[in-house]
Amino acid sequence: MKVSIICTNYNKEAWIEEAIQSFLNQKCNFDYEIILVDDASSDHSPQIIEHYAKQFPEKIKAVFHQENLGITKTWIEACKLAQGDYIARCDGDDYWIDEYKLQKQVDILEKSETSSWSCSDFDIISESGELRHKEAIKNGIIRKMSSFEEMLAFRGMTMSSTWLVDRKLMLKVNEAITPDAVDDTFCLQLELFMKTELTFLPEATTVYRLHEGSDSHPASVEKMSKRFEKLQETQEEYLDKYYSRIDFNALTRYLFLENTEHEKILALRQRELTTQLTNAKSILEELLEERANLKITEENL
């Protein structure tokens with residue numbers, strides 16, 4: 001078995017079928033299995049998963065939790081079931097748009113002597129499926145990550161639904177993260193960067209579905225603040241964990257760049273706000289002038 005596709009699901013009834021179908025559509029010259037894990041969903045997604053598992057018993061292995069374990073624990077347990085040389089990850093609300101995704105990534109990893117991990121570019125869609133951004137990395141929507149230091153400084157994103165990772169390495173990395181991590185993929189990425197080079201496929205193979213109000217994109221300022229604080233705690237933990245191996249010159253430069261980018265964003269928003277206030281003031285003055293002219297006209301009548 002060359003590849004084990006692992007897809008975890010929790011209440012993703014509206015999207016899980018699209019994800020499963022994209023796995024089945026893969027065209028490659030090797031065998032692969034699909035492991036679908038439902039983490040005690042309360043919607044109808046378990047029935048959808050069960051339907052596909054019965055339809056493709058030689059290809060799909062379905063696991064149904066009786067109680068919710070959370071994404072990190074679910075991922076760690078699911079990887080233990082994998083039989084392939086590589087593990088491909090895709091969350092239940094994302095899906096693959098390239099039928100040759102697995103073939104391309106297996107080919108580039110097996111040609112590499114230094115890399116056991118691959119990701120690719122991706123498109124971003126809304127919750128309803130509306131295209132928001134094409135090739136998010138190529139077009140600068142998401143910064144392309146290339147090292148532990150860059151990941152640590154920018155809290156980066158390699159888009160886990162595009163990953164293909166050597167199974168033995170993935171199992172080793174899973175043992176190094178805490179099961180209650182606020183963002184399992186952030187920890188996994190930091191660990192992976194410490195253990196291997198990342199091979200980037202510069203093609204959009206996957207779509208990332210953006211959910212407003214999700215754990216990774218909270219709707220409230222309070223929840224967003226708490227998430228940022230937790231991520232900072234993770235950054236500090238990894239700073240201590242790999243202190244002797246970190247390139248602090250590179251890390252410092254990334255932090256300088258991060259600060260500069262934030263200042264640019266604040267300056268741009270301040271300018272936009274000033275323009276909006278100026279425009280609003282002009283509109284108000286025009287309305288007051290029209291009202292005064294109207295009053296004069298009424299008095300003349």
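The model is predicted: local features need pLDDT of at least 70, side-chain atom pairs count only at pLDDT 80 or more, and totals for chains, interfaces and linings use all residues. Residues are numbered from 1 along each chain as its sequence is written, and side-chain values use heavy atoms, leaving out hydrogens and water.

**Aromatic pairs**
- The whole structure holds nine aromatic pairs (Phe, Tyr or six-membered Trp rings with centres within 6.5 Å; stacked if planes are under 30 degrees apart, edge-to-face if over 60, otherwise tilted).
- Tyr52 and Phe56 are stacked, at 6.5 Å centre to centre and 15° between the planes.
- Tyr52 is buried, with a relative accessible area of 6%; Phe56 is partly exposed, at 25%.
- Trp117 and Trp163 pair edge-to-face, because their planes stand at 90° with ring centres 5.9 Å apart.
- Trp117 lies in strand β6 (residues 115–125) and Trp163 in the loop between α5 (148–154) and β8 (164–166), so the pair ties together parts 46 residues apart in sequence.
- Strands (E, at least two residues) and helices (H or I, at least four) are DSSP runs, numbered from the N terminus.
- Trp117, Trp163 and Phe193 form one aromatic cluster.

**Charges over rings**
- Arg89 lies over the face of Trp75, 4.4 Å from the ring centre (cut-offs: NZ of Lys or CZ of Arg within 6 Å of the centre and within 35 degrees of the ring normal).
- The charged end of Arg143 sits over the ring of Phe154, 4.2 Å from its centre.

Notes: Buried < 20%, exposed > 50% of the residue type's maximum accessible area, 1.4 Å probe, protein only.
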